[in-house]
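I opened this entry to go through the ligand site and then the salt bridges. My notes follow in the order I looked things up.

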Amino acid sequence: MPLIIVRNDITKMNCDAIVNAAKNSLLGGGGVDGAIHRAAGPGLLEECRSLGGCETGQAKITGGYDLPAKHVIHTVGPVWQGGGHGERELLRSCYAESLRLAEENSCQSVAFPLISTGVYGYPKAEAFRVAVDTVEEFLKDSDMTVYIVVFGRDSLLVSQKRFADIQQFIDDNYVDEHSDPLEERRRRLNLAGGWRSDRKGAAPTVGAAYESSVLPSVPLSQFSEESSLEEALKQIDESFSQMLLRKIDEKGMTDAQCYKKANIDRKLFSKIRSDVHYRPKKTTVIAFAVALELDLSETRDMLMKAGFALSHSSKFDIIIEYFISHGNYNVFEINEALFSFDQSLIGQ
Ligand code: APR
(Lines give C-alpha, C1' and ligand atoms only; values in the text may rest on other atoms or scores of the structure.)
Protein backbone atom coordinates (compact mmCIF):
# COMPACT_ATOMS: atom_id res chain seq x y z
CA MET A 1 0.00 0.00 0.00
CA PRO A 2 -0.89 2.75 -0.73
CA LEU A 3 -2.41 3.73 -4.07
CA ILE A 4 -0.90 6.88 -5.51
CA ILE A 5 -2.24 8.78 -8.50
CA VAL A 6 0.41 10.78 -10.34
CA ARG A 7 0.67 12.77 -13.51
CA ASN A 8 3.80 11.60 -15.30
CA ASP A 9 5.33 9.83 -18.25
CA ILE A 10 5.38 6.18 -17.15
CA THR A 11 8.79 5.58 -18.72
CA LYS A 12 10.23 7.92 -16.09
CA MET A 13 8.79 6.02 -13.13
CA ASN A 14 11.45 4.61 -10.86
CA CYS A 15 9.53 1.53 -9.71
CA ASP A 16 10.21 -2.16 -9.54
CA ALA A 17 7.81 -2.63 -12.45
CA ILE A 18 5.90 -0.53 -14.93
CA VAL A 19 2.95 -1.91 -16.85
CA ASN A 20 2.65 -1.66 -20.61
CA ALA A 21 -0.69 -1.42 -22.43
CA ALA A 22 0.36 -3.78 -25.20
CA LYS A 23 -1.27 -5.57 -28.12
CA ASN A 24 -1.73 -9.36 -28.43
CA SER A 25 1.47 -9.88 -30.41
CA LEU A 26 3.52 -8.01 -27.75
CA LEU A 27 5.63 -6.69 -30.61
CA GLY A 28 5.28 -2.98 -29.89
CA GLY A 29 2.96 -0.29 -31.18
CA GLY A 30 2.11 3.37 -30.58
CA GLY A 31 0.92 5.17 -27.41
CA VAL A 32 2.42 4.07 -24.14
CA ASP A 33 3.65 0.84 -25.78
CA GLY A 34 5.76 2.80 -28.26
CA ALA A 35 7.09 5.09 -25.53
CA ILE A 36 8.12 2.13 -23.35
CA HIS A 37 9.89 0.32 -26.20
CA ARG A 38 11.71 3.50 -27.22
CA ALA A 39 12.90 4.17 -23.69
CA ALA A 40 13.82 0.53 -22.95
CA GLY A 41 15.84 -0.01 -26.14
CA PRO A 42 15.92 -2.98 -28.57
CA GLY A 43 16.55 -5.62 -25.88
CA LEU A 44 12.91 -5.35 -24.81
CA LEU A 45 11.53 -6.20 -28.25
CA GLU A 46 13.91 -9.12 -28.51
CA GLU A 47 12.68 -10.57 -25.21
CA CYS A 48 9.05 -9.90 -26.20
CA ARG A 49 9.57 -11.96 -29.40
CA SER A 50 10.29 -15.00 -27.23
CA LEU A 51 7.02 -14.72 -25.28
CA GLY A 52 4.59 -15.97 -27.94
CA GLY A 53 2.11 -13.12 -27.54
CA CYS A 54 -0.46 -12.58 -24.79
CA GLU A 55 -4.22 -13.04 -24.52
CA THR A 56 -6.46 -10.09 -23.79
CA GLY A 57 -6.85 -9.71 -20.02
CA GLN A 58 -3.61 -11.62 -19.33
CA ALA A 59 -0.09 -10.37 -18.52
CA LYS A 60 3.55 -11.33 -19.09
CA ILE A 61 6.73 -9.98 -17.56
CA THR A 62 10.13 -8.99 -19.03
CA GLY A 63 13.19 -7.07 -17.93
CA GLY A 64 13.22 -3.28 -17.97
CA TYR A 65 16.44 -2.87 -19.99
CA ASP A 66 17.29 0.86 -20.26
CA LEU A 67 14.24 1.93 -18.23
CA PRO A 68 14.58 3.03 -14.60
CA ALA A 69 12.11 0.20 -13.77
CA LYS A 70 13.50 -3.29 -13.24
CA HIS A 71 10.62 -5.02 -15.03
CA VAL A 72 7.97 -4.34 -17.61
CA ILE A 73 4.67 -6.15 -17.20
CA HIS A 74 2.90 -6.34 -20.54
CA THR A 75 -0.85 -6.65 -20.44
CA VAL A 76 -3.39 -6.49 -23.23
CA GLY A 77 -6.48 -4.46 -22.53
CA PRO A 78 -9.85 -4.94 -24.24
CA VAL A 79 -10.91 -2.85 -27.21
CA TRP A 80 -13.98 -0.83 -26.20
CA GLN A 81 -17.03 -1.99 -28.13
CA GLY A 82 -19.74 -0.20 -26.20
CA GLY A 83 -19.38 -2.02 -22.88
CA GLY A 84 -21.50 -5.10 -23.62
CA HIS A 85 -18.66 -7.41 -24.63
CA GLY A 86 -17.07 -8.20 -21.29
CA GLU A 87 -14.77 -5.19 -21.47
CA ARG A 88 -15.03 -4.38 -17.79
CA GLU A 89 -14.12 -7.89 -16.66
CA LEU A 90 -11.22 -8.08 -19.11
CA LEU A 91 -9.89 -4.73 -17.96
CA ARG A 92 -10.21 -5.79 -14.32
CA SER A 93 -8.27 -8.94 -15.19
CA CYS A 94 -5.44 -6.86 -16.76
CA TYR A 95 -4.92 -5.08 -13.44
CA ALA A 96 -5.37 -8.18 -11.29
CA GLU A 97 -3.04 -10.36 -13.41
CA SER A 98 -0.38 -7.63 -13.57
CA LEU A 99 -0.51 -7.22 -9.80
CA ARG A 100 -0.27 -10.96 -9.33
CA LEU A 101 2.83 -11.09 -11.56
CA ALA A 102 4.35 -8.12 -9.72
CA GLU A 103 3.86 -9.90 -6.43
CA GLU A 104 5.28 -13.18 -7.75
CA ASN A 105 8.37 -11.24 -8.80
CA SER A 106 8.73 -9.57 -5.38
CA CYS A 107 8.00 -6.08 -6.69
CA GLN A 108 7.37 -3.54 -3.97
CA SER A 109 6.19 -0.85 -6.32
CA VAL A 110 4.40 -0.96 -9.65
CA ALA A 111 3.09 1.77 -11.96
CA PHE A 112 0.11 1.40 -14.32
CA PRO A 113 -0.95 3.57 -17.21
CA LEU A 114 -4.68 3.84 -17.86
CA ILE A 115 -4.92 0.65 -19.88
CA SER A 116 -7.22 0.66 -22.93
CA THR A 117 -8.03 4.37 -22.68
CA GLY A 118 -6.07 5.45 -25.76
CA VAL A 119 -6.19 3.62 -29.08
CA TYR A 120 -8.54 0.99 -27.58
CA GLY A 121 -11.12 3.63 -26.74
CA TYR A 122 -12.29 2.68 -23.22
CA PRO A 123 -13.97 5.75 -21.64
CA LYS A 124 -11.48 7.27 -19.24
CA ALA A 125 -13.62 7.82 -16.14
CA GLU A 126 -14.99 4.26 -16.32
CA ALA A 127 -11.57 2.72 -16.94
CA PHE A 128 -10.14 4.70 -14.07
CA ARG A 129 -12.88 3.39 -11.75
CA VAL A 130 -12.05 -0.21 -12.74
CA ALA A 131 -8.36 0.45 -12.13
CA VAL A 132 -8.91 1.97 -8.70
CA ASP A 133 -11.41 -0.68 -7.57
CA THR A 134 -9.14 -3.55 -8.60
CA VAL A 135 -6.03 -2.03 -7.04
CA GLU A 136 -7.93 -1.16 -3.87
CA GLU A 137 -9.12 -4.75 -3.54
CA PHE A 138 -5.57 -6.03 -4.02
CA LEU A 139 -4.11 -3.63 -1.45
CA LYS A 140 -6.33 -5.03 1.29
CA ASP A 141 -3.82 -7.88 1.57
CA SER A 142 -0.65 -6.32 0.24
CA ASP A 143 1.90 -3.72 1.25
CA MET A 144 2.87 -2.92 -2.31
CA THR A 145 2.88 0.70 -3.49
CA VAL A 146 0.79 1.02 -6.63
CA TYR A 147 0.89 4.07 -8.88
CA ILE A 148 -1.72 4.96 -11.43
CA VAL A 149 0.00 7.21 -13.92
CA VAL A 150 -2.11 9.74 -15.75
CA PHE A 151 -0.51 11.22 -18.81
CA GLY A 152 -0.50 14.81 -19.99
CA ARG A 153 -3.50 16.99 -19.29
CA ASP A 154 -6.02 14.14 -18.95
CA SER A 155 -8.31 15.28 -16.21
CA LEU A 156 -11.77 13.76 -16.36
CA LEU A 157 -11.16 10.85 -14.04
CA VAL A 158 -14.42 11.34 -12.18
CA SER A 159 -17.71 10.97 -14.02
CA GLN A 160 -19.00 14.09 -15.71
CA LYS A 161 -21.97 14.14 -13.36
CA ARG A 162 -19.83 14.12 -10.23
CA PHE A 163 -17.43 16.65 -11.73
CA ALA A 164 -20.34 19.00 -12.44
CA ASP A 165 -21.77 18.38 -8.97
CA ILE A 166 -18.51 19.23 -7.24
CA GLN A 167 -18.00 22.24 -9.48
CA GLN A 168 -21.44 23.48 -8.46
CA PHE A 169 -20.63 22.89 -4.78
CA ILE A 170 -17.39 24.85 -5.18
CA ASP A 171 -19.21 27.69 -6.95
CA ASP A 172 -21.83 27.82 -4.21
CA ASN A 173 -19.30 27.84 -1.40
CA TYR A 174 -16.16 29.41 -2.70
CA VAL A 175 -15.36 32.65 -0.96
CA ASP A 176 -12.82 34.98 -2.42
CA GLU A 177 -10.55 35.81 0.48
CA HIS A 178 -10.17 39.41 -0.60
CA SER A 179 -13.76 40.23 -1.47
CA ASP A 180 -15.49 39.81 1.91
CA PRO A 181 -19.02 40.14 0.52
CA LEU A 182 -21.96 40.90 2.76
CA GLU A 183 -23.10 37.29 2.71
CA GLU A 184 -19.74 36.17 4.07
CA ARG A 185 -19.81 38.76 6.83
CA ARG A 186 -23.25 37.47 7.82
CA ARG A 187 -21.91 33.94 7.85
CA ARG A 188 -19.08 34.92 10.15
CA LEU A 189 -21.48 36.71 12.47
CA ASN A 190 -23.58 33.59 12.58
CA LEU A 191 -20.54 31.52 13.39
CA ALA A 192 -19.57 33.78 16.23
CA GLY A 193 -23.18 33.62 17.43
CA GLY A 194 -23.28 29.89 17.86
CA TRP A 195 -25.05 27.35 15.62
CA ARG A 196 -23.47 26.36 12.34
CA SER A 197 -25.41 24.97 9.45
CA ASP A 198 -23.16 21.94 9.16
CA ARG A 199 -23.49 20.94 12.81
CA LYS A 200 -27.00 19.60 12.65
CA GLY A 201 -27.96 18.42 16.09
CA ALA A 202 -24.46 18.72 17.44
CA ALA A 203 -23.59 20.89 20.40
CA PRO A 204 -21.72 24.12 19.77
CA THR A 205 -18.00 23.92 20.11
CA VAL A 206 -15.74 25.97 22.32
CA GLY A 207 -13.00 27.62 20.25
CA ALA A 208 -14.53 26.67 16.91
CA ALA A 209 -16.28 29.93 16.14
CA TYR A 210 -13.50 31.22 13.92
CA GLU A 211 -12.42 28.79 11.27
CA SER A 212 -8.87 30.02 11.12
CA SER A 213 -8.39 29.63 14.84
CA VAL A 214 -6.01 26.97 16.08
CA LEU A 215 -7.47 26.92 19.56
CA PRO A 216 -8.20 23.45 20.85
CA SER A 217 -11.87 22.76 20.47
CA VAL A 218 -13.99 20.62 22.72
CA PRO A 219 -17.72 20.04 22.20
CA LEU A 220 -19.68 21.63 25.04
CA SER A 221 -21.51 18.35 25.51
CA GLN A 222 -18.33 16.94 26.96
CA PHE A 223 -18.82 19.15 29.98
CA SER A 224 -22.10 17.44 30.77
CA GLU A 225 -22.76 15.33 33.84
CA GLU A 226 -21.84 12.09 32.07
CA SER A 227 -18.20 12.92 31.58
CA SER A 228 -16.22 14.70 34.19
CA LEU A 229 -14.60 18.08 33.73
CA GLU A 230 -11.29 16.40 34.37
CA GLU A 231 -11.79 14.12 31.37
CA ALA A 232 -12.75 16.99 29.13
CA LEU A 233 -9.70 18.94 30.20
CA LYS A 234 -7.54 15.93 29.46
CA GLN A 235 -8.84 16.04 25.90
CA ILE A 236 -7.83 19.68 25.54
CA ASP A 237 -4.25 18.68 26.28
CA GLU A 238 -4.45 15.69 24.00
CA SER A 239 -2.05 15.77 21.04
CA PHE A 240 -3.02 14.87 17.48
CA SER A 241 -1.43 11.47 17.84
CA GLN A 242 -3.27 10.75 21.08
CA MET A 243 -6.56 11.94 19.61
CA LEU A 244 -6.10 9.73 16.57
CA LEU A 245 -5.41 6.63 18.64
CA ARG A 246 -8.37 7.38 20.92
CA LYS A 247 -10.70 7.81 17.96
CA ILE A 248 -9.50 4.56 16.39
CA ASP A 249 -10.38 2.77 19.63
CA GLU A 250 -13.71 4.55 19.93
CA LYS A 251 -14.65 3.50 16.39
CA GLY A 252 -13.73 -0.11 17.20
CA MET A 253 -11.19 -0.20 14.37
CA THR A 254 -7.78 -1.80 14.37
CA ASP A 255 -4.79 0.40 13.54
CA ALA A 256 -4.30 -1.45 10.25
CA GLN A 257 -7.93 -1.02 9.25
CA CYS A 258 -7.62 2.67 9.88
CA TYR A 259 -4.34 3.41 8.09
CA LYS A 260 -5.30 1.24 5.14
CA LYS A 261 -8.65 2.96 4.80
CA ALA A 262 -6.81 6.29 5.06
CA ASN A 263 -4.42 5.18 2.27
CA ILE A 264 -1.57 5.90 4.66
CA ASP A 265 1.67 4.00 4.60
CA ARG A 266 2.28 1.64 7.55
CA LYS A 267 5.64 3.28 8.29
CA LEU A 268 4.10 6.73 8.52
CA PHE A 269 1.42 5.41 10.85
CA SER A 270 4.10 3.86 13.11
CA LYS A 271 5.87 7.22 13.27
CA ILE A 272 2.67 8.97 14.31
CA ARG A 273 1.91 6.26 16.82
CA SER A 274 5.29 6.41 18.50
CA ASP A 275 5.68 10.20 18.57
CA VAL A 276 3.12 11.90 20.81
CA HIS A 277 4.07 15.28 19.38
CA TYR A 278 4.05 14.25 15.74
CA ARG A 279 3.10 17.16 13.45
CA PRO A 280 1.16 15.74 10.52
CA LYS A 281 0.48 17.37 7.17
CA LYS A 282 -3.05 18.62 6.62
CA THR A 283 -3.59 15.97 3.93
CA THR A 284 -2.65 13.29 6.46
CA VAL A 285 -5.08 14.57 9.09
CA ILE A 286 -7.89 14.66 6.55
CA ALA A 287 -7.12 11.14 5.38
CA PHE A 288 -7.52 9.92 8.95
CA ALA A 289 -10.68 11.95 9.49
CA VAL A 290 -12.12 10.31 6.39
CA ALA A 291 -11.01 6.83 7.42
CA LEU A 292 -12.65 7.36 10.81
CA GLU A 293 -15.78 8.69 9.09
CA LEU A 294 -15.79 11.83 11.19
CA ASP A 295 -18.46 14.39 10.47
CA LEU A 296 -17.55 17.95 9.56
CA SER A 297 -17.34 19.30 13.08
CA GLU A 298 -15.27 16.33 14.29
CA THR A 299 -13.02 16.77 11.27
CA ARG A 300 -12.51 20.40 12.16
CA ASP A 301 -11.69 19.41 15.73
CA MET A 302 -9.08 16.94 14.53
CA LEU A 303 -7.60 19.49 12.14
CA MET A 304 -7.33 22.02 14.93
CA LYS A 305 -5.28 19.56 16.96
CA ALA A 306 -2.69 19.79 14.22
CA GLY A 307 -3.03 23.55 13.74
CA PHE A 308 -5.20 23.48 10.62
CA ALA A 309 -8.69 24.55 9.64
CA LEU A 310 -11.17 24.16 6.78
CA SER A 311 -11.83 27.35 4.90
CA HIS A 312 -14.13 28.40 2.11
CA SER A 313 -11.34 30.19 0.33
CA SER A 314 -9.63 26.93 -0.57
CA LYS A 315 -10.92 24.63 -3.31
CA PHE A 316 -9.22 21.69 -1.63
CA ASP A 317 -11.13 22.35 1.60
CA ILE A 318 -14.44 22.75 -0.19
CA ILE A 319 -14.00 19.45 -2.03
CA ILE A 320 -13.27 17.72 1.29
CA GLU A 321 -16.36 19.35 2.74
CA TYR A 322 -18.39 18.16 -0.26
CA PHE A 323 -17.47 14.52 0.35
CA ILE A 324 -17.86 14.59 4.13
CA SER A 325 -21.20 16.36 3.95
CA HIS A 326 -22.37 13.76 1.41
CA GLY A 327 -21.26 10.95 3.75
CA ASN A 328 -18.82 9.66 1.12
CA TYR A 329 -15.75 8.42 2.99
CA ASN A 330 -13.99 6.66 0.15
CA VAL A 331 -10.44 8.04 0.12
CA PHE A 332 -9.89 6.86 -3.44
CA GLU A 333 -12.98 8.61 -4.77
CA ILE A 334 -12.01 11.75 -2.90
CA ASN A 335 -8.54 11.60 -4.43
CA GLU A 336 -9.97 11.12 -7.90
CA ALA A 337 -11.97 14.31 -7.46
CA LEU A 338 -9.05 16.22 -5.95
CA PHE A 339 -6.87 15.09 -8.83
CA SER A 340 -9.45 16.20 -11.37
CA PHE A 341 -9.50 19.66 -9.80
CA ASP A 342 -5.67 19.82 -9.65
CA GLN A 343 -5.53 19.71 -5.86
CA SER A 344 -3.18 17.88 -3.48
CA LEU A 345 -4.28 14.35 -2.68
CA ILE A 346 -4.96 13.02 0.81
CA GLY A 347 -3.23 10.09 2.49
CA GLN A 348 -0.37 8.47 0.57
N1 APR B 1 3.01 7.46 -19.90
C2 APR B 1 1.84 7.21 -19.30
N3 APR B 1 0.68 7.09 -19.97
C4 APR B 1 0.74 7.22 -21.33
C5 APR B 1 1.93 7.46 -22.02
C6 APR B 1 3.11 7.58 -21.25
N7 APR B 1 4.28 7.81 -21.80
N8 APR B 1 1.65 7.53 -23.36
C9 APR B 1 0.32 7.35 -23.48
N10 APR B 1 -0.23 7.17 -22.26
C11 APR B 1 -1.63 6.95 -21.88
C12 APR B 1 -2.66 7.45 -22.86
O13 APR B 1 -2.94 8.83 -22.60
C14 APR B 1 -3.84 6.58 -22.53
O15 APR B 1 -4.61 7.17 -21.47
O16 APR B 1 -1.85 5.56 -21.83
C17 APR B 1 -3.22 5.30 -21.99
C18 APR B 1 -3.40 4.09 -22.88
O19 APR B 1 -3.31 4.47 -24.24
P20 APR B 1 -2.64 3.58 -25.37
O21 APR B 1 -1.17 3.60 -25.27
O22 APR B 1 -3.23 3.98 -26.67
O23 APR B 1 -3.10 2.07 -24.98
P24 APR B 1 -4.47 1.29 -25.25
O25 APR B 1 -5.64 2.17 -25.34
O26 APR B 1 -4.49 0.19 -24.22
O27 APR B 1 -4.26 0.66 -26.67
C28 APR B 1 -3.32 -0.36 -26.84
O29 APR B 1 -2.23 0.73 -28.68
O30 APR B 1 -0.08 1.34 -29.05
C31 APR B 1 -0.96 0.36 -29.21
O32 APR B 1 0.37 -1.63 -29.17
C33 APR B 1 -0.64 -0.93 -28.51
O34 APR B 1 -2.19 -2.01 -29.90
C35 APR B 1 -1.96 -1.56 -28.60
C36 APR B 1 -2.92 -0.44 -28.31
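Which polar backbone atom is 2.8 Å from an oxygen atom of the ligand, and to which residue does it belong? I looked this up and found a polar backbone atom of Val32 at 2.8 Å from a ligand oxygen. I note here that the model is a predicted one.

For Asp9 I looked at the side chain: one of its N or O atoms is 2.9 Å from a nitrogen atom of the ligand. I then looked up the cover on the ligand. On its own the ligand has 700 Å² of accessible area, and the protein covers 92% of that.

Entry on the site. I asked where the ligand sits, and the place is the largest pocket. I counted 22 residues around the ligand, and the ones that come nearest are Gly30, Val32, Asp33, Ser116 and Thr117. I sorted the shell by residue class and wrote down ten nonpolar, seven polar and five charged residues.

Entry on the elements behind the shell. I found that β2 (17-22) and α1 (31-40) each supply at least two residues of it. The largest share comes from α1, with four residues.

Entry on salt bridges. How many are there by the rule used? I got a count of 17 salt bridges. I then checked where the two partners sit in the chain. Lys70 is in the loop between β3 (59-63) and β4 (71-76), while Asp16 is in the loop between β1 (3-7) and β2. The pair is 54 residues apart and links distant parts of the chain.

Terms used. Residues numbered from 1 in each chain as written. Predicted model: local features only at pLDDT ≥ 70, side-chain atom pairs only at ≥ 80, totals over all residues. Heavy atoms only, no water. Near = heavy atom within 4 Å. Polar contact = N/O pair within 3.5 Å; in protein donor to acceptor, adjacent residues only side chain to side chain. Areas by Shrake-Rupley, 256 points an atom, 1.4 Å probe, with all protein chains shown as cover. 1 Å grid on protein atoms, 1.4 Å probe; cavity = no way out; pocket = protein on both sides within 12 Å on 5 of 7 lines; lining within 4 Å. Sits in = over half its atoms within 2 Å of the grid points. Nonpolar A, V, L, I, M, F, W, Y, C, P; charged D, E, K, R; others polar. Salt bridge = Lys/Arg side-chain N within 4 Å of Asp/Glu carboxyl O.
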